[in-house]
Amino acid sequence: MKKRRRWVIAGFTLFITSVLLVGVGIGRNEVNVVVSNAKILCYSCIGLK
Amino acid sequence: MISRIRRVWWQASWAILFNFPFLAPLTFAWLPVPALNCYACPLAQGACPIGTLQHFLVIASIPFFTIGVIAAFGALAGRFYCSHLCPFGFFQDLLGRITQKKYRLPSYAGYGKYLSLVLLALILPPIVKEPFFCTLCPAGSLEAGIPIAARAWAEKHFAAEQIFGGGFGILNMIGWWFWFKIGILAAMIGAAIVTRRPFCRTACPMGAILGLFNRISLLVHPPGDNTDRPKYNLRNCPVGITHPDHVDSHNCIKCRECYGKKEETGDRSQEKE
């Protein structure tokens, strides 16, 4: 049970860290890069070179 | 709730939601989804996390937002998304229903997905300046390559109106690489018929990332100890886990098909070496 608690603490810490990373990303305006990249047709995905 | 609803219905529902035909394409383009769903698919709603990750590497920028989103999903449920949400995993599950006899993959094949992640999705994209994993990805062939090429072909031969927009000149651009990619998809389809989820187990970079979170995610199988060890029935494990201690390992997709069953056995008599 103690071992499991350690994993839970690690997971929770990781989750908080990931939320902070998301915040940093939003602050760096990365969302716009994600959107613009997604909206450009990915020719690599289709198999066109 | 999750265990009461058959997993196949979850998978079908999410495959439709990720590629929802009644919303404008890429309405949720800002969100890298926690599954391998190609954003070049004409109906895709969210961004492919691996494609997005590679794009940031190509432009030499650290993808804080994408890493944060993937890590948040991973910390919540690990590879649960592979079993319940991923459309490509669903496709492989359906193919796996064609025959009952399955061949077992060697255990080391499970590390192939890390090779795929590190080499194809992290190292090569900044070198070749394109999302290299996407150029090989069978999910991209299935969800984007075939539909877009088929639409262009229909436009050319039947003068059909454009359904999804774009797509002019695609047929002229189809070359040997397109057919090579289709060949990879065909090989994957063949493998998925004779073994369970071969792509997820050996080549999926998204599964490799989410697998790192499997042990520490909020959603885990009930903890085992000497007195209260749950009994797992691993006979029909879709990723070939045979030992109870390996439940929730990096290979486990948390489908929970072993969960709550009384029989604990590593017997996989239907599989051949």
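At what angle do helix α8 (residues 138-158) of chain B and α10(B) pack, and how far apart are their axes? In this predicted model, local features need pLDDT of at least 70 and side-chain atom pairs count only at pLDDT 80 or more, while totals for chains, interfaces and linings use all residues. Residues are numbered from 1 along each chain as its sequence is written, and chains are lettered from A and ligands numbered from 1 in the order in which they are written.

The angle between α8(B) and α10(B) is about 110°, and their axes are 8 Å apart. Axes are lines fitted to C-alpha atoms, for helices over the stretch in contact, and angles run from 0 to 180 degrees between N-to-C directions. Helices (H or I, at least four residues) and strands (E, at least two) are DSSP runs, numbered from the N terminus. The two helices α8(B) and α10(B) are therefore roughly perpendicular (65 to 115 degrees; under 35 is roughly parallel, over 145 roughly antiparallel and the rest oblique). On the α8(B) side, Pro138(B), Ser141(B), Leu142(B) and Gly145(B) meet Phe178(B), Lys181(B), Ile182(B), Ile184(B), Leu185(B) and Met188(B) of α10(B); contact requires C-beta atoms, placed from the backbone, within 7 Å. Seven residues of this contact between α8(B) and α10(B) are nonpolar, two are polar and one is charged. Here Ala, Val, Leu, Ile, Met, Phe, Trp, Tyr, Cys and Pro count as nonpolar, Asp, Glu, Lys and Arg as charged, and the others, Gly among them, as polar.

Helix α10 (residues 176-194) of chain B also packs with helix α5 (residues 87-96) of chain B, at an angle of about 55° and with the axes 7 Å apart. That angle makes α5(B) oblique to α10(B). Gln92(B), Leu95(B) and Gly96(B) of α5(B) meet Ile189(B), Ala192(B) and Ile193(B) of α10(B). The residues of this contact of α5(B) with α10(B) comprise four nonpolar, two polar and no charged.

The contact between the chains takes 44 residues from chain B and 29 residues from chain A. On the chain B side, β1 (28-32), α2 (49-58), α3 (64-77), α7 (132-136), α8 and α10 each supply at least two residues. The most comes from α3(B), with ten residues. The side of chain B that touches chain A divides into 29 nonpolar, twelve polar and three charged residues.

Pro244(B) is located in the loop between α12 (205-211) and β4 (271-272) of chain B. Its C-alpha lies 9.6 Å from that of Cys258(B), 14 residues apart in sequence.

Terms used. Two residues are in contact if their C-beta atoms, placed from the backbone, lie within 7 Å.
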